[in-house]
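Dear colleague,

I am passing the structure below on to you, and after it you will find notes on what came out of going through it. Please read them with the structure open beside you.

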Amino acid sequence: MPFGNTHNNFKLNFSVDDEYPDLTKHNNHMAKLLTKEIYAKLRDKQTPTGYTLDDVIQTGVDNPGHPFIMTVGCVAGDEESYEVFKDLLDPVISDRHGGYKATDKHKTDLNFENLKGGDDLDPNYVLSSRVRTGRSIKGYALPPHNTRGERRAVERLSVEALNSLDGEFKGKYYPLKSMTDAEQEQLINDHFLFDKPVSPLLLAAGMARDWPDGRGIWHNENKTFLVWVNEEDHLRVIAMQKGGNMKEVFKRFCVGLQRIEEIFKKHNHGFMWNEHLGFILTCPSNLGTGLRGGVHVKLPKLSTHAKFEEILTRLRLQKRGTGGVDTASVGGVFDISNADRIGSSEVDQVQCVVDGVKLMVEMEKKLEKGESIDSMIPAQK
Amino acid sequence: MGNINTKLARLTIKQRPVEDEFPDLTEHCNHMAKVLTLDMYRRLRQHCTPNGFTIDHVIQTGVDNPGHPFIMTVGCVAGDEETYEVFKDLLDPIIQDRHGGYKPTDKHKTDLNPSNLKGGDDLDSNYVLSSRVRTGRSIRGFCLPPHCSRGERRAVEKLSVEALGVLSGDLKGKYYALKNMTDAKQQQLIDDHFLFDKPVSPLLLASGMARDWPDARGIWHNDTKTFLVWVNEEDHLRVISMQKGGNMKEVFTRFCTGLTKIEDLFKNKGHSFMWNEHLGYVLTCPSNLGTGLRAGVHVKLPNLSKYRQFEEILKRLRLQKRGTGGVDTAAVGGIFDISNADRLGFSEVELVQMVVDGVRLMIEMEKRLEKSQSIDDLMPAQK
């Protein structure tokens, strides 16, 4: 709720020209699309929790962006942001998500049986497989805008839900604020720990307020299912394991997610979802499925091939370094994941990853033998 | 739900129980955490300033920055002039704790008459490398940096540039907006030690002061580079007078003359500085109330600074030390930034007098120690 000029009503005494941000040096989706007219129309509106347009865009104003990387430049403070500020957010969503229209419907499919294959990616190349998504709990403001009380309530509900899981999902919650050094060390070694955000993109949106209050990490005993509470979204749900059995990872992901959702629904706090935007998350880039399914895969030859980027584009995949977003790859090992989030289902997106990675591993093998891969270049999916 | 009705409004947003919302301050060590109780929070969260600044806004920086056992930060900020009134239950005890027992009923004296300063024109320049006086000013009618809108910030810039543009004589100068500064000018300002950067301190970032950077931020300085104004950094205005050597009197005279002229120019435009007889000049951080003044020198004290009673001497002289990079930096080569510790409850003249008298004494001590002589007889009483 604080952070920014949410209830600064003096600003309405100033003209639109006086208040409109200077976006001349900016390169992000918000800066591209926020015209003075839209600003004029929306600047005196607020959502029921008091989130205003200036709150939505603050991160994009404060972070002009980069010519090579188009950040979104705006965030939602609550579920209603996407409605109250649709004049800005619909064009941003369309621009970011490949032309997704304000009238389009999004399909949710968390039935893991619909995934074909995915259990046989070559573990000589695919080192690990992971699927993550986010979920927002209906009735609470989102991380840029929530109060301490709301954040703690989300934590309480989440811990209750997660602690009721059993079987392969039986696990334990580790709140950040009371974590022992030993636990912290273990979580770092498992690559589970999340830190206080340092990215100016997140800090400018107010997501790190009151850190580490209400934040924590839950994981199952097998360390194959992990939930982050109150980081960039209310919940981030992650299924992961070594090797290339994406099918198993996706199954655990779907089953776990659905069990958690049932428990939240019983408390009359289901997940934020609608048939246009799918699952509602803090960043417009994560709408729809909010899903990033990916592998760490060795592609030292393919990654230096002239057409690597083109291949990824056609397969609707993206590459990252093995440290996650905005990191570099190390030793020819890349994080390859789906590029899309909205307009295709969870199954569709994981299928892209499975099929695409299988193809790229075959290409890598060909290149190892000095053979051409021209005949294997795929059509645009 | 329409716009929130202001004017000490009751906040009508549905609120969770106080216990759910009260911050966890168990690991914290700052003035706010020391003073804020559950009951206080319960009362204060019902209100906001006419411009919508709430208790959560006030304390956010202190919640996000637990502090350090050795350095007591304030842990709260004001978003507008009314903050100090609406949230006095919290801010009065903090002011008292931070400013040596200053009571809610106390009156603060302003004295910007440089002829009231005795001496100060003869600090030994073999030891005193430079002298500097700075303060802040807030323009009444606008929200402060944690809470202002872009329009307000730009209005402050516009007014400031107009006012400064009228200065003449040795105060004649030019404004350099951060957002369209050339590389050459930027380098020049860095070399002159004039440039301020986008804040990186989590203390400032957590209070929202860096929003919209670098919009409406800039640096004005006179042609002789002895008088400098920062616009829209941590306060609306930071006014700085500085020069090499030990002639603090000259620095302070220019400081007072310049400030008074600027204040007149603002008044002519219908805008006074935020001031009241209890808190003096009202600034963003409660630590800068009163005079908002920090007068200091860069002085070589390699022997004295290693003397076992150095800290005690500083304390008795009501001075503080910093490194030559400013707050939270280390001393380099035995050179220290020595300045007044107080801000409120003493006038500008009194504070600069303490610096002048104290530094003179410390240089004497340094000279004695150079000759391996005792300085016991020079030890001052507590001022």
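Helices (H or I, at least four residues) and strands (E, at least two) are taken throughout as DSSP runs, numbered from the N terminus. The model is a predicted one, so that local features need pLDDT of at least 70 and side-chain atom pairs count only at pLDDT 80 or more, while totals for chains, interfaces and linings use all residues. Residues are numbered from 1 along each chain as its sequence is written, chains are lettered from A and ligands numbered from 1 in the order in which they are written, and side-chain values use heavy atoms, with hydrogens and water left out.

Let me begin with the loop between H9 and S3 of chain A, where A:Pro212 lies. The peptide bond that leads from A:Trp211 to A:Pro212 is cis, with omega near 0 degrees. In chain B, a cis peptide bond joins B:Trp213 and B:Pro214, with omega about 0 degrees, and B:Pro214 is placed in the loop between helix H9 (202-205) and strand S3 (218-222) of that chain. A further backbone feature is A:Lys223, a residue other than glycine whose phi is positive, near 60 degrees; A:Lys223 sits in the loop between S3 and strand S4 (225-229) of chain A. As background, most residues other than glycine have a negative phi, and most peptide bonds are trans.

Aromatic pairs were counted over all chains, and there are 15 of them, where rings of Phe, Tyr and Trp (its six-membered ring) pair if their centres lie within 6.5 Å, and planes under 30 degrees apart count as stacked, over 60 as edge-to-face and the rest as tilted. One of these is formed by A:Phe194 and A:Trp211, whose ring centres are 5.9 Å apart and whose planes stand at 85 degrees, so the pair is edge-to-face. The two residues are 17 apart and the pair links distant parts of the chain, with A:Phe194 in the loop between helix H8 (181-189) and helix H9 (200-203) of chain A and A:Trp211 in the loop between H9 and strand S3 (216-220).

Turning to helix packing, the axes of H11 (residues 308-315) and H12 (residues 346-368) of chain A come within 10 Å and cross at roughly 155 degrees; axes here are lines fitted to C-alpha atoms, for helices over the stretch in contact, and angles run from 0 to 180 degrees between N-to-C directions. That makes H11(A) roughly antiparallel to H12(A), given that angles under 35 degrees count as roughly parallel, over 145 as roughly antiparallel, 65 to 115 as roughly perpendicular and the rest as oblique. The contact (heavy atoms within 4.5 Å) involves A:Phe308, A:Ile311, A:Leu312 and A:Leu315 of H11(A), together with A:Cys352, A:Gly356, A:Leu359, A:Met360 and A:Met363 of H12(A).

In chain B, H11 (residues 310-317) and H12 (residues 348-370) pack at about 155 degrees with their axes 10 Å apart, and H11(B) and H12(B) are therefore roughly antiparallel to each other. Their contact is made by B:Phe310, B:Ile313, B:Leu314 and B:Leu317 of H11(B) and by B:Met354, B:Gly358, B:Leu361, B:Met362 and B:Met365 of H12(B).

Also in chain B, H7 (residues 150-165) and H10 (residues 248-268) pack at an angle of about 120 degrees, their axes 9 Å apart, and are therefore oblique to each other. Here B:Leu159, B:Ser160, B:Ala163 and B:Leu164 in H7(B) meet B:Ile262, B:Leu265 and B:Phe266 in H10(B).
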